[in-house]
Amino acid sequence: MTNDILWSVRRLAFTWFALPILAAPPPQFVVHTVASGLRGGYQVVIADLNRDGKPDLIALASGMPELVWYENPGWERHVIAGGFTQMINLAVVASGRADGIPDIVLASGFSNVAARSVGIVSLLQHNGDPRDPWTVTEIDRLTTSHRLRTADVDGSGKRIVVNAPLTGAIAEPPDYRDRTPLVFYRPGEWKRQEIAPGNFGLVHGIYVVDWDGDGRDEILTGGFEGIHLFKLGQDGVWTRLEIAAGSPEPWPKSGTSDIAVGRIAKERFLAAIEPWHGNQVAIYRRNGSNWARQAIDDTLADGHTILTADLNGDGNDAVIAGCRGGPHSVYIYSAEDQAGRRWSKQTLDPDMPAAACAVGDLNGDGRVDIACIGSASGTLKWYENSGARK
């Protein structure tokens with residue numbers, strides 16, 4: 001054996017040892033259509049609204065005046081409340097009532113142009129039977145209120161509602177140059193409190209995660225400035241830390257649009273759609289004190305949703321991403337090695353212009369299912385995980 005051949009064999013052996021192949025079977029799904037006619041479908045949220053132990057689907061459609069939910073397992077449609085214009089996002093929050101039925105915080109009156117965006121934030125509460133219309137109480141008005149999430153930022157078990165507007169009040173397209181606020185509300189008080197320092201420029205994505213494992217949630221934001229981590233200190237002071245700059249293109253094609261956090265072989269990675277409403281799926285892996293960026297797909301058109309989940313029970317998270325334009329598809333990306341350097345891609349649904357997806361066990365079989373809502377199609381579907389498990 002020549003030295004060249006011997007070196008090649010040793011190199012292949014080292015690569016195989018250093019980057020073991022992940023041999024779990026690809027996830028398989030059965031498609032179920034829950035509803036159609038949801039004009040401007042924008043967000044789907046999984047929550048048990050009637051406390052029967054079965055997770056239901058809340059469907060938010062920006063082009064409709066009614067917020068609706070579909071009751072599991074028959075997916076009967078119920079109207080939560082009506083009379084809204086340009087609904088954009090909601091969060092489900094514990095109500096504290098004895099029946100355990102949650103409240104909903106809703107953002108409506110939205111526009112990408114701050115001068116035309118009222119940014120109404122409302123509290124929705126049921127009146128005994130969640131199948132009947134809920135009471136709506138306005139709690140705030142903040143221009144371009146856009147993303148609502150809950151977080152336990154102090155480790156108390158009491159979750160706040162975070163409101164991440166898209167832009168500042170005087171921002172104008174296409175650059176959207178203005179300070180963009182980030183605020184929160186404590187349930188029961190519903191008084192706006194600021195998270196400072198905030199971001200600058202358009203902010204599209206928000207993700208809640210216990211970043212440092214201390215039992216307290218942190219908040220990741222994704223926008224023109226990149227990905228940043230907001231943390232509430234023991235002294236009650238917020239800090240802001242840059243994690244990654246995002247897309248290297250010049251402003252306003254810079255930064256990040258949507259973000260999620262996953263794990264492969266117990267190592268954390270970040271998944272992002274870049275730039276804003278962009279064409280790329282980017283993976284970030286820790287490299288010393290930095291996060292190395294790898295674009296694993298650049299074929300999306302108007303990418304708008306990204307999340308992570310262990311779809312086949314092997315302990316490793318896949319990435320689910322959807323785009324509203326072009327191919328109108330939802331894709332699943334699975335790591336082929338434990339370093340997360342090689343990724344396979346499969347099409348979940350070639351006819352779903354997904355504005356948003358959510359994950360959860362919808363049929364109680366122990367597998368993680370997927371639900372998506374389409375903007376151009378106005379459809380709500382759930383994808384039953386029927387694949388083999390490792």
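Tutor: Start with a definition: a residue is called buried when its relative accessible area is under 20%. Keep in mind that this is a predicted model.

Student: Which way do the residues of β26 point?

Tutor: Val330, Ile332 and Ser334 point one way, while Tyr331, Tyr333 and Ala335 point the other way. Both sets are buried. In a regular strand, side chains alternate between the two faces of the sheet.

Student: How do you know that β25 and β26 pair?

Tutor: Two strands pair if there are at least two bridges between them. Strand β25 (residues 318–323) and β26 have 4 bridges, in the antiparallel sense. Therefore they count as paired. In this pairing, Ala321 stands opposite Tyr331.

Student: What lies between β25 and β26 in the hairpin?

Tutor: There are 6 residues between the two strands. Gly326, in the turn, has a positive phi of about 55°.

Student: Which strand is joined to β26 by 6 bridges?

Tutor: That is β27 (residues 343–349), and the two run antiparallel.

Student: Why is the link between Cys357 and Cys372 called a disulfide?

Tutor: The cut-off is a pair of cysteine sulfur atoms within 2.5 Å. Here the S to S distance is 2.1 Å, so the pair qualifies. A search of the whole structure finds 1 disulfide.

Student: Why is this disulfide right-handed?

Tutor: The torsion about the S-S bond of Cys357 and Cys372 is about 105°, so the disulfide is right-handed.

Student: Which parts does the pair tie together?

Tutor: Cys357 lies in strand β28 and Cys372 in strand β29 (residues 369–374), so the tied parts are 15 residues apart in sequence. Both cysteines are buried.

Student: Is Cys323 buried or exposed?

Tutor: Its relative accessibility is 0%. Buried means under 20%, so Cys323 counts as buried.

Student: How much space lies in the largest pocket, and what lines this pocket?

Tutor: About 870 Å³ lies in the largest pocket. Its lining has 31 residues, and Gln43, Val44, Arg149, Cys357 and Ala358 lie nearest the centre. Among the elements that give two or more residues to this lining are β2 (41–47), β10 (147–151) and β28 (354–360). β2 gives the largest share, 6 residues.

Student: How do the lining residues of the largest pocket divide?

Tutor: They divide into 20 nonpolar, 7 polar and 4 charged.

Student: Which residues are closest to the centre of the second largest pocket?

Tutor: This pocket holds about 230 Å³ of space. Of its 16 lining residues, Ala24, Pro25, Asn312, Ser334 and Ala335 are the closest to the centre. β26 and β27 each supply at least two residues of the lining. The lining divides into 8 nonpolar, 5 polar and 3 charged.

Methods: Residues numbered from 1 in each chain as written. Predicted model: local features only at pLDDT ≥ 70, side-chain atom pairs only at ≥ 80, totals over all residues. Heavy atoms only, no water. Buried < 20%, exposed > 50% of the residue type's maximum accessible area, 1.4 Å probe, protein only. 1 Å grid on protein atoms, 1.4 Å probe; cavity = no way out; pocket = protein on both sides within 12 Å on 5 of 7 lines; lining within 4 Å. Points joined across faces, edges and corners; volume = space filled by probe spheres on them. Nonpolar A, V, L, I, M, F, W, Y, C, P; charged D, E, K, R; others polar.
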